[in-house]
Amino acid sequence: MIHHFADRALRDAYRERASASVAKRAEECAADGRLDRESWQEMSDAGLWKLPVPVRWGGSGGTWWDFAAAFEGIAAGGRDLGFSLSLVAQAGLIRSILVYGTEEQKEFWLPPLTSGAVGATALTETTGGSDVTRIRTAAHPHQDGYLLTGHKDHITNGPTADIALILGRVPEHGDRDITLFLVDLHADGVSTGPVENMMGNRTSPTGPIALDQVRVDAHNIVGGIGGGIDAVYNTISLDRLLYGILAASYLDPLLTEILDYSRTRTAFNVPIADHQYVQGRITDAKFAVEATRWVSYGALDALLQDSPQTSLMCSVAKYHAGETLKLGTETALRVLGHRGYMEGPYAQALKDALGTVIAGGTAEMQRKNVFNQMRRLAPAR
């Protein structure tokens, strides 16, 4: 994890960019329920998506630690949880292509994704929810490719994405048939949206992707027929730990605001910072933020080292992310009192935070995965 500490300049640079763009447009985009494509393009032009991509495929040849540092800057400076969640979705797609894609796929799909195109990873369906093995989307052989038909629900970036990684089945392949397909969402037979009307994170448009006999060339299968589950779990692992990195970075400036407020707001003739119950709330939030930050760093290290602990660590990071965001934003509301409860940035932050205990795999699913991984890793007796 040494790489991470060398990237303070990278983190600061993206924080400054996000403060000047994402933060200024967040309220307007939330009111409209749309992704801030202008800021998205600005971050892309600054090289965000090129950071973890090798030079041979148009990247800058950095690492995922470089991306994590830049992502922290955007989360802290942009003050827009929804926008950051859309970044998480794109990061998972890019990693899937890097890890499981063929040379041809990397050369074709990475340049647009690193240059401003918006990506999505479409796994869930109404019938399955978090259980992706229950999907019904299916591809049937046709000439030298496949025709893909199905319906994906609650997809982050779905209504606005240009490219998607679609999880489906190839029934003719037998029991091991779950497969990933790279799909141009502007192709014939694809329809997206409408945007779901959510209580929070409205700057991260979420909605359905419908596919009606969409032509997919055989060379756009990622990881081979039947290899979808392995690739999905790798993608999900990165998504989960990025939620943790996001939670800590997003809450850092919020805690600073709360601390500053507690020093100037008086009650019973003293600043409320002098009251132990206020100190307790603020320190509980700080404990949670630092625990989440460091378990997420550990999860990223485990992922990049291909550690047996990766899945467990990433679920721990995701679980803490949702709980910490909920605690941190509720702490702001409690310390700020009526000012925090009024419609505005603090109430919005709490509504946005509540979505993270569901998005990216519910807190209950993280518990289930951690328990299953503990059993798998336990020594035989």
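This is a predicted model: local features need pLDDT of at least 70, side-chain atom pairs count only at pLDDT 80 or more; totals for chains, interfaces and linings use all residues.
Reader: Is asparagine 201 buried or exposed?
Author: Its relative accessible area is 7%. Buried means under 20%. Asparagine 201 therefore counts as buried.

Reader: What is phi of asparagine 201 near?
Author: Asparagine 201 is a residue other than glycine, yet its phi is positive. The value is near 50°.

Reader: Which bond joins glycine 193 and proline 194?
Author: Proline 194 has its place in the loop between strand 6 (190-192) and strand 7 (206-217). Check omega where glycine 193 meets proline 194: the angle is about 5°. The link is a cis peptide bond.

Reader: What is phi of histidine 154 near?
Author: Histidine 154 is found in strand 3, residues 145-156. Its phi is positive, in a residue other than glycine. The value is near 60°.

Reader: What does histidine 154 count as, by relative accessibility?
Author: Its relative accessibility is 49%. Buried means under 20% and exposed means over 50%, with a third class in between. Histidine 154 therefore counts as partly exposed.

Reader: At what angle do helix 2 and helix 5 pack?
Author: Two packed helices are described by the angle between their axes and the distance between the axes. Helix 2 covers residues 8-20, and helix 5 covers residues 64-78. Their axes are 7 Å apart, and the angle is about 35°.

Reader: Is the crossing of helix 2 and helix 5 left-handed or right-handed?
Author: Helix 2 brings Leu10, Arg11, Tyr14, Arg15, Ala18 and Ser19. Helix 5 brings residues including Asp66, Ala69, Glu72 and Ile74. The crossing of helix 2 and helix 5 is right-handed.

Reader: How many residues of the contact of helix 2 with helix 5 are nonpolar?
Author: Sort the contact residues by class. There are 4 polar and 4 charged residues. The nonpolar residues number 7.

Reader: What volume has the second largest pocket?
Author: Rolling a probe the size of a water molecule over the atoms shows where empty space is left. The second largest pocket has 23 lining residues. Its volume is about 550 Å³.

Reader: Which residues lie nearest the centre of the second largest pocket?
Author: Elements giving two or more residues to the lining are helix 3 (22-32), helix 6 (81-100), helix 8 (228-264) and helix 12 (345-354). By class, the lining has 10 nonpolar, 6 polar and 7 charged residues. Nearest the centre lie Ala26, Arg79, Gly344, Pro345 and Gln348.

Technical notes
Residues are numbered from 1 along each chain as its sequence is written. Side-chain values use heavy atoms; hydrogens and water are left out. Axes are lines fitted to C-alpha atoms, for helices over the stretch in contact, and angles run from 0 to 180 degrees between N-to-C directions. Helices (H or I, at least four residues) and strands (E, at least two) are DSSP runs, numbered from the N terminus. A crossing is left-handed if the near helix is turned anticlockwise from the far one by less than a right angle, and right-handed if clockwise. Contact means heavy atoms within 4.5 Å. Ala, Val, Leu, Ile, Met, Phe, Trp, Tyr, Cys and Pro count as nonpolar, Asp, Glu, Lys and Arg as charged, and the others, Gly among them, as polar. Buried means under 20% relative accessible area, exposed over 50%, partly exposed in between (1.4 Å probe, protein chains only). On a 1 Å grid over the protein atoms alone, a cavity is a set of points where a 1.4 Å probe fits but cannot get out, and a pocket is an open set with protein on both sides within 12 Å along at least five of seven lines; lining residues have an atom within 4 Å of a point. Grid points are joined across faces, edges and corners, and a volume is the space filled by probe spheres set on the points.
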